[in-house]
Protein chains: 2
Amino acid sequence: MLVSQPITVGVVGAGVIGAGWVARMALAGHHVRWFDPNPGAQPFLDRISQNAVHSWQGMDWPMSPESPVRADTLAAAVGDAELIIESVPERLVIKQATYAQIESAAPPSAIIASSTSGFKPSVLADGLINPERLIVAHPFNPVYLIPLVEIVPGIHTSDAVRDRSVELYTEVGMKPLVVRKEIDAFIADRLLEAVWREALWLVNDGIATTEEIDDAIRYGFGLRWAQMGLFETYRIAGGDGGMGAFIAQFGETLAWPWTKLMDTPELTDQLIDTIAAQSDAQSGHLSIAELERHRDDNVVAILNALATTRWGAGEVVRRNRVS
Amino acid sequence: MLVSQPITVGVVGAGVIGAGWVARMALAGHHVRWFDPNPGAQPFLDRISQNAVHSWQGMDWPMSPESPVRADTLAAAVGDAELIIESVPERLVIKQATYAQIESAAPPSAIIASSTSGFKPSVLADGLINPERLIVAHPFNPVYLIPLVEIVPGIHTSDAVRDRSVELYTEVGMKPLVVRKEIDAFIADRLLEAVWREALWLVNDGIATTEEIDDAIRYGFGLRWAQMGLFETYRIAGGDGGMGAFIAQFGETLAWPWTKLMDTPELTDQLIDTIAAQSDAQSGHLSIAELERHRDDNVVAILNALATTRWGAGEVVRRNRVS
């Protein structure tokens, strides 16, 4: 197992994100208790757990044999927890009602970490008895495999909770990125949102299909972004003059009318149908389970590949590998 | 070598992009003649060529031993060429003046392929004697390594020129993506532009540094995009309901005021200084040559890793590998 000091982790909500958390925390060696009112939650979680085991084998990470325990009630999931992970639907009223239930059952010192991809922690913490213990820890799908977790403290969050969170997520093989200022959607999803809008315009205007857009990414800049990100690759393009030279050369294009970003495409039924049909044509012959396995095998392959180079997210793999 | 039938390729302009073309076309087995009026072009091209050789060794691709030949004049570079690659600066007047020189020296049947990242081919072809032979073939840095090339025919471009271009670029180990409709900046750069704007806002507003933004990409969604792109990964997130289910779940966030994309940040001297200083802090300890080598080794590692899985740009590597 990865962790030196197992703790009890309570996970509330076991959809795609929550189930991913359960799998990662349990494999890393924590005692996990999870709660989800959906009767179909167990078989879904089993599939995600199998994906996680397969992926961790591929990364040669030591896995704890302890199984996560399903709790009959939210109170039972969080009663003894030191870390409580909230992954309920993205509705503020649902999240805040969940925090009220958590606070009535959990130790007052337990950290409440929200998986929200958009709400500011200070908004989420509004109404908590102990708002200093709420923090956002926003992961990326598949949670058992992608290293990034955005750690977003709110105005009430204590430094101790922030620091302990960084420690806990690092220990389970992740790369915590502490966000300096609260903003809606944090960092990564703001970038994703920008691309998503532009991609919708491209489909809407008949410029490209979903598959062509995916190809434009995966055969092109996606290969740079998996290792260096945006600014670092542009630094190289700027040559010995650094980023200043790059901006001098390309910055003016910012003001060109190249994008339709000034507006949001309306999600008409017709546009949704177009996207859904193009996506079906692209990969409707594969089940979601098959797509998940392809995706995971590829992420493992990339992480392992980068572990042998001097740069990139592979350092996380190296650090945790069985020696 | 990769190609079955070597042709003469003339390359006009040997900056970052042009030199990358020279290296790829020569290693693949074509007879390459290149012209650049800059006296420093030779040592720069030598460095790019060395990078390319190192990368192709890593991919186990057969390399032609024939060296590219520097021509003293533009006319000498293109006089016998079947394919002419234009990689001069992104100014319409410069490009069109270059085409006039090319047309006065080259065979009338030679294809003129522009590396422009933004201009529509129909605009570029305005004034050509044989506009049917102009096409955009937009590559991505490093050109000798990244598979994607956007093939954009203009209203004048003949089908024969489009089809021959697809054939030529496929043969040198690339993935040609034919763009259905002419738009400024095509597909990939529209997506990149969207992210670039949002990233500038994040720096401008003090939300994140250049390094933090790069980390948010390379430890997170960059690992998905190197293999599947955007829609395919969202299809998985939508579960068995496909993209329709995904949009039903997340589409509404489009209308949320999450981004500042409605506006373009002003590139003040202060913002440029901030970005340049953050980039220096991030990687000023490495030379551009060192950064190039890291980048290339990582792309090679990723492509090789994906070549052993059932998905991703690695198929290009597999196809061309020495058997």
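In this predicted model, Asp159(A) is found in helix α6 of chain A, a helix that covers residues 159–171. Is Asp159(A) buried or exposed? Asp159(A) is exposed, because 9 other C-beta atoms lie within 10 Å, and a residue counts as exposed at 12 or fewer. A separation of 26 residues in sequence lies between Asp159(A) and Arg133(A), while their C-alpha atoms are 9.6 Å apart in space.

Turning to confidence, chain A has a mean pLDDT of 88, with 92% of its residues at 70 or more. Residues 257–262 of chain A, however, have pLDDT below 50; in the model, this stretch makes 17 contacts beyond near neighbours in sequence. For the model, the scores are ipTM 0.91 and pTM 0.90.

It remains to look at where the two chains meet. The contact draws on 97 residues from chain A and 96 residues from chain B. Which elements of chain A each supply at least two residues of the side that touches chain B? They are β8 (175–178), α7 (188–204), α8 (210–225), α9 (229–237), α10 (242–250), α11 (269–283) and α12 (288–307). Of these, α8(A) provides the largest share of the side of chain A that touches chain B, with 15 residues. Sorted by class, this side of chain A comprises 51 nonpolar, 25 polar and 21 charged residues.

Note on methods
Residues numbered from 1 in each chain as written. Chains lettered and ligands numbered in written order. Predicted model: local features only at pLDDT ≥ 70, side-chain atom pairs only at ≥ 80, totals over all residues. Helix = DSSP H or I, 4+ residues; strand = E, 2+ residues; numbered from the N terminus. Buried ≥ 20, exposed ≤ 12 C-beta atoms within 10 Å, placed from the backbone. pLDDT = per-residue confidence, 0-100. Contact = placed C-beta atoms within 7 Å. Nonpolar A, V, L, I, M, F, W, Y, C, P; charged D, E, K, R; others polar.
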